[in-house]
Amino acid sequence: MFDALLVANRGEIARRVIRTARRLGVRAIAVHSEADADLPFVTEADEAVCVGPANPAQSYRNVEAILAAARSTGAQAIHPGYGFLSENADFARTVEESGLIWVGPGADAISAMGDKINARNLMAAAGVPVAPGTTEPAADLDAAVTAAAEIGYPVMVKAAAGGGGMGMGVATDETALRTEYDKVRAFAERMFGDGSVLIERYFPRVRHVEVQILGLADGRVVALGERECSVQRRNQKLVEESPSPAVSPALRERFLAAAVRAGEAVGYRNAGTVECLLDPATQEFFFLEMNTRLQVEHPVTEYVYGVDLVEEQLRVAAGLAPTFDPDALTPRGHAIELRINAEDPKRFLPGPGAIRTWVEPSGEGVRVDSGYVEGNTVTPFYDSLLAKLIVSGATREEAVERARAAVAGFEIAGPKNNLPFFAELLENPEFRSGDYDTGIVGRMR
């Protein structure tokens, strides 16, 4: 194992990686913006370096500043967390060319999966199910209209370079397609610097199910079960659970086998996630995208499989064998994660502010991965995630009841937060039954 790790991120995920690094005896180095100087991840690191002002482009996405911090502190490896530079193939390549260890998949795998059309085509060639859709970008509006007519409405209009639920629109007919195509293309050019658009079949009632994969140092790819991610607002996840209440043992085998094929197709190493759409009526699933990094929701997999995924990431990066037996992975119990955000619980609009009260719940089967403590200020410069509330139990019913109690015991005053939404969700008959889909939040509103 290397001796010093720089964490190129902030908030709860930086704190999470630092915790595991220190447990392993690895010196943990934080980088931070001027706005984040007082946050817990900075004070808990063995060493911290300010890399710029609040603007992420000048700090957390500032490649030169981060590499300079690595050199000045003697870091041997860089963990990118999620977001920011985590799926930037050029950054990964630059890190390795600088003589440092990149804690993540290789730059080629990141690049291959970063383009949604290329990823779809690679997966189809590997025998992974993909939804009906274009095999190359829709060059213009006329091409999009022709493709949609062949696929059949409704269709999803997606930014080929997008991710995180951004750059997507649904069209139920040609009139809507013309509007959505221009909207998505303009958004993609502005946000990703690439206006390429693809057209896919849209499924009105669908579940979002993903599989955690880990590419080991010896070249094998293993799957650590699936996660249900269908509670979403604006195509962005709010709740994740494992195992999925919609997945039978037979369907799970198909999911995991497809995910392993997906990883093998790109020579995957380290942690990643194969995201799919599941049609609950037919039990068909289709590849959506591969996230070439650690996911926000990784803790539910950690509970169910009894592994520390960050530790496994570090071991893979160091060329070491995993702590678990890849041939004896068995899920136990059930886990649920709630993303506690600084946002209005009705419209989900950001609500930053100073934290006057912060009291975390505790007890059996309750874990909180937080980025803040009482007295900190939530600024408007970054993602609204305050903390992740993770609960586990022997059964889904026990996990849901523990989640209800934990939400009731979580006190936050100052910034707006979505705890009231979760209190409502956990009483919702549809959610409690486990028979829900990606439209559940819309039906609640």
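Strands (E, at least two residues) are DSSP runs, just like helices (H or I, at least four residues), and they are numbered from the N terminus. Two strands pair if DSSP finds at least two bridges between them. You're looking at a predicted model, where local features need pLDDT of at least 70, side-chain atom pairs count only at pLDDT 80 or more, and totals for chains, interfaces and linings use all residues. Residues are numbered from 1 along each chain as its sequence is written, and side-chain values use heavy atoms, with hydrogens and water left out.

**Exercise 1.** Work out how β10 and β11 are joined.

Step 1: find β11 at residues 236-242; β10 and β11 run antiparallel, with 4 bridges.
Step 2: spot Arg233, which stands opposite Gln236 in β11.
Step 3: check the turn. This hairpin has 2 residues between its strands, and Arg234 there has a positive phi of about 50°.

**Exercise 2.** Now do the other hairpin, that of β9 and β10.

Step 1: β9 covers residues 207-215 and pairs with β10 in the antiparallel sense over 6 bridges.
Step 2: Leu214 has Val222 in β10 as its bridge partner.
Step 3: here 5 residues lie between the strands, and Gly219 takes a positive phi near 100°.
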